[in-house]
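Let's take a walk through this structure together, looking at how its chains meet. Have the 3D view open as you read.

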Amino acid sequence: MEKKQTIGIVAIVATVIAAAVLMFTKDGGFGADAFKDLLPGFGYDWGRDALQFGKNLDIWFMLMLVAFLMIFIRKFEWGVALAVLLSAAASFVVYLGIQQIWFEELWTQQLLIRAVICAITVVIAIGVFLGTCKMWQYLLVGALFSVVYAFIEWLLLGQLTEWTDLVVTDDGGSVLVHMCAAYFGLGVALGIRDKRAFDEPMYTTTHSVTFVWLASMLLWMLWPSFVTSLLPGTIDVTKATITCYMAGVGSVISTYAMCMIFQGKVNPLVYTYAMLCGPVAIGAPLLQVGPWGALLIGLIAGIISTTCFIYLQPWFCSKIGVLDIMGVHNLHGVGGWFGAICVSIVLAASGAGFEASVGTLVMAVITVAVTLVTGAVIGIIVKLTRGDMEICTDDTDFIKNEAPA
Amino acid sequence: MEKKQTIGIVAIVATVIAAAVLMFTKDGGFGADAFKDLLPGFGYDWGRDALQFGKNLDIWFMLMLVAFLMIFIRKFEWGVALAVLLSAAASFVVYLGIQQIWFEELWTQQLLIRAVICAITVVIAIGVFLGTCKMWQYLLVGALFSVVYAFIEWLLLGQLTEWTDLVVTDDGGSVLVHMCAAYFGLGVALGIRDKRAFDEPMYTTTHSVTFVWLASMLLWMLWPSFVTSLLPGTIDVTKATITCYMAGVGSVISTYAMCMIFQGKVNPLVYTYAMLCGPVAIGAPLLQVGPWGALLIGLIAGIISTTCFIYLQPWFCSKIGVLDIMGVHNLHGVGGWFGAICVSIVLAASGAGFEASVGTLVMAVITVAVTLVTGAVIGIIVKLTRGDMEICTDDTDFIKNEAPA
Amino acid sequence: MEKKQTIGIVAIVATVIAAAVLMFTKDGGFGADAFKDLLPGFGYDWGRDALQFGKNLDIWFMLMLVAFLMIFIRKFEWGVALAVLLSAAASFVVYLGIQQIWFEELWTQQLLIRAVICAITVVIAIGVFLGTCKMWQYLLVGALFSVVYAFIEWLLLGQLTEWTDLVVTDDGGSVLVHMCAAYFGLGVALGIRDKRAFDEPMYTTTHSVTFVWLASMLLWMLWPSFVTSLLPGTIDVTKATITCYMAGVGSVISTYAMCMIFQGKVNPLVYTYAMLCGPVAIGAPLLQVGPWGALLIGLIAGIISTTCFIYLQPWFCSKIGVLDIMGVHNLHGVGGWFGAICVSIVLAASGAGFEASVGTLVMAVITVAVTLVTGAVIGIIVKLTRGDMEICTDDTDFIKNEAPA
């Protein structure tokens, strides 16, 4: 290993161990005192925890599947899986540390779910700049991202309303998760600004793309767990399950139609991504529309996302000077914007008042601004600590044991 | 694209959008009024919805896995995945529309589960005629099938008892799902009657078959969610979990023994299918037998299905003049019949009376008749709207990006 | 087929059918009387059953994934899947038979979960000696193992405390599942003692290893279902979810660091296994430590397991004279020991008294002794009934249908 990499790995792991020891000694009884307030008297809700257990696992399931959604480049399979694991692990644990030290949160399924949602957000974000940094730096990006995410969550889901009377409506995370991921990723890519990455064609194989089909189809199926994971009442869970699947069905249908109309054939790496745009967009208006409104949102979301993948992507990437490797912006960025606009229209038309109608749009603008700037700063840190690199975009980090030809 | 295909795609998508707009405007408040009756006073059961949430997702999981169960043909992988998504999306949304307009059903997890069961039924059915129609026609088949399914459900789970005193016992869907799928698929195949499809060998690769192993093993594991999804009491859920897994274990063992005895080797495309025949067959007698009775049913089901795959398939296909591509009849058709016969014997022996004993068999006969006829009609519609086709059985519908050799 | 194999298959299947008939006739009403005590008055807890349903399925999910964790050898993919199914099926059904006949257990989700935990234990165990026995013998091993497992469970989770006042603490199965699997597997390998197996390199392919990544990542995600499946209270479920994921995050990070420090590259077949060592080790101290203590345990577990895979494996295998094909001992054996030692330290430091502090270590020693001896006996039985074999380590048991080159 070269020197910078060794220093980086050792520094990160030493930090994690030191922090764990520190936090550990803070809680008495070998750390088990951390749970001492898990009692009904302290606001702990057992029944809610029991129902949230399965959703917690489902979101981790989705996080792992995001790896397989991005695993299609023949020369870069295992690296994607490892990058996902490392960025998720770092952001999960740092986010929990922040919540303990600054916000003194209770250890509940609720808190764990917020932590894995933070982790899945950075995992989506790395899709923008995959292959332009060293493997250990995904630990660094994950750790730094969780600070940004905790700040945005604190600012937009609490302080904004307190300071301005604006009300944000984003139950399923169109803005907090998807736009945050897309623009943070773009920020990092702008900070790294590496033109060498992926200047050769990103060849696939039949089965590397079959893994993508599997991941996309299972993500689609799991989406209701994601959007309902933090909802309080079971009646809202039922409503959200319905609108989420209706939106998903909409983009499954319209994405196919658009692919055929635009190109006469289906590009699997457009279809498997854009078919998820309904679920992305329904996040904000999740509980504000009925089943058929959700279907319409899904139909339109699929049309918009497919158009962006096929027509916006080349123009957008040449304009900003970096390549959005996985087209994250065409799914999560554009889908998030569409969701935020939908909820504003619905709330305005329902006479919900100015603060509620524009709240989510203001949240979206702040999210874009904060993530682009912090992302760019983190991208510059990544570039400075990266050391020599030819190309990071293949699986040469791994020991292989294939039969000689 | 050729003309018929363009017209087809545009017509279908325009219909979906128009219907969504229509349904949307019918419900007030941007469609959110659709949920206004989700209150305990209207018979809405929150606790039941909470327990059914996970099963709803599991059935979608199974639906997606059915795609991977059929993905073994080297030249036809992604097309199977897309066909599954399109047929499922169309049938899901049309079924829900029918339930809203004709039956004024409440929007609950219960209704969603019935809709995804309708969708998985058509997904199983397309296995019979995969590759003999254009991709957009899976949307057409899905939409038309849901009308047939809603009719059968209405007729057999309600009207039959009202009109005739016959009692049907099919808690886990041996007849309603599996026989319906197999005979509807055969009906469509008979309507299309295409001899050109698959006249070349259906070559596989090691990993295309490994995906089938994955799908089959996960389907087996998820089966209790499927058979218990509409059961009212938790005690029945426990009973059904036990009988379902016992039947599954039975066919895992007996299918292996039969494969070895018949052929001296295991054909993975027989084993991975026939090992699911226990869970298929247990659907009807789900709550009528104990654990060891279920094990016996599973053992016998595995033996019957393996025999059908190896010996019945060639004779049956030459007899009816069409090829059952995925051997759907050997698993779902035969397994369904066996389940219906089992429940009749058990009920007769338990002294349950004539109406209860023959009810499920009558239901099976009606299901076969209705699905064969409607399937054939839909098959003829498919043939008339199909336009030119050489062979549909490969992935030429897709844009590929493989490295030059 | 050769003679011994035919006799073996017929004997096993005949036994299963005979036993099923016997058990079946014992329970009245076509076996349905088996459920007659599922009433609250008999200690049956409906609410608990409802919450355990999903965990029951999740453990079967993990069992299936263990197959894909072991599926990396290019020449031996489908055989691993079939071996997993057969050994699981046999052990599941025999374990349930034992519980019915000897212990008269109620048929609950609880009992089913215990049976699938027995099955997953033998599935882990066969990883040690995969490829050194005939396919039908996995049925034999599964059936015989379940007797050993039921004995260990009876002895260590009940009788030990009754006879000696020692208290064992192993909520998440570090000892009962992982050590039991590792040492039983080693025992069988010592009994078979086959030097010919795998004397050629175990070549992999890119995608066979990608399946391993998928399996490992999903196993990691599902782990909380496994460790919480038999816990009584929902508050313990929340605690255990937290400590399990924290331990998992720890080994995801430290395994990466160790792989890079030791070898400068990541061996995927070390990483995907050792990253699970945190969850293995947390099993025993599951409810005795807090979140940060769990993170520390996970970090150290990853370091230990990676070290064992890279440095201990060659020495260990040459010392005992057999090859641990999948490195089961480096993950489950070593991780189990570390978990047992951790809980002893924590309990001793917490002043829990001598009986509680050494209880789990005594349990570990007894488990190793019993499984090594019984495993070796079963290994000898396997060798005696195996008949001729050249090499069992490829997929020649299967019918293939690949295109001619």
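This is a predicted model: local features need pLDDT of at least 70, side-chain atom pairs count only at pLDDT 80 or more; totals for chains, interfaces and linings use all residues.

Start where chain B meets chain A: 53 residues from chain B and 52 residues from chain A take part in the contact. On the chain B side, at least two residues each come from helix H1 (3–26), helix H2 (46–69), helix H3 (78–101), helix H4 (109–129) and helix H7 (206–228). H2(B) provides the largest share of that side, 12 residues. Sorted by class, the side of chain B that touches chain A holds 39 nonpolar, eight polar and six charged residues.

Now turn to chain A and chain C, where 53 residues of chain A are in contact with 52 residues of chain C. The chain A side draws two or more residues from each of H1 (3–26), H2 (46–69), H3 (78–101), H4 (109–129) and H7 (206–228) of chain A. Here H2(A) gives the most, with 12 residues. This side of chain A is made up of 39 nonpolar, eight polar and six charged residues.

Let's zoom in on H2(A). It packs against helix H8 (residues 234–263) of chain C at an angle of about 40°, and the two axes are 9 Å apart. Because of that angle, H2(A) counts as oblique to H8(C). The crossing of H2(A) past H8(C) is left-handed. To find the spot, look on H2(A) for Trp46(A), Asp49(A), Ala50(A), Phe53(A) and Asn56(A), which meet Thr234(C), Ile235(C), Val237(C), Thr238(C) and Thr241(C) of H8(C). Five of the residues in this helix contact are nonpolar, four are polar and one is charged.

Methods. Residues are numbered from 1 along each chain as its sequence is written. Chains are lettered from A and ligands numbered from 1 in the order in which they are written. Two residues are in contact if their C-beta atoms, placed from the backbone, lie within 7 Å. Helices (H or I, at least four residues) and strands (E, at least two) are DSSP runs, numbered from the N terminus. Ala, Val, Leu, Ile, Met, Phe, Trp, Tyr, Cys and Pro count as nonpolar, Asp, Glu, Lys and Arg as charged, and the others, Gly among them, as polar. Axes are lines fitted to C-alpha atoms, for helices over the stretch in contact, and angles run from 0 to 180 degrees between N-to-C directions. Angles under 35 degrees count as roughly parallel, over 145 as roughly antiparallel, 65 to 115 as roughly perpendicular and the rest as oblique. A crossing is left-handed if the near helix is turned anticlockwise from the far one by less than a right angle, and right-handed if clockwise.
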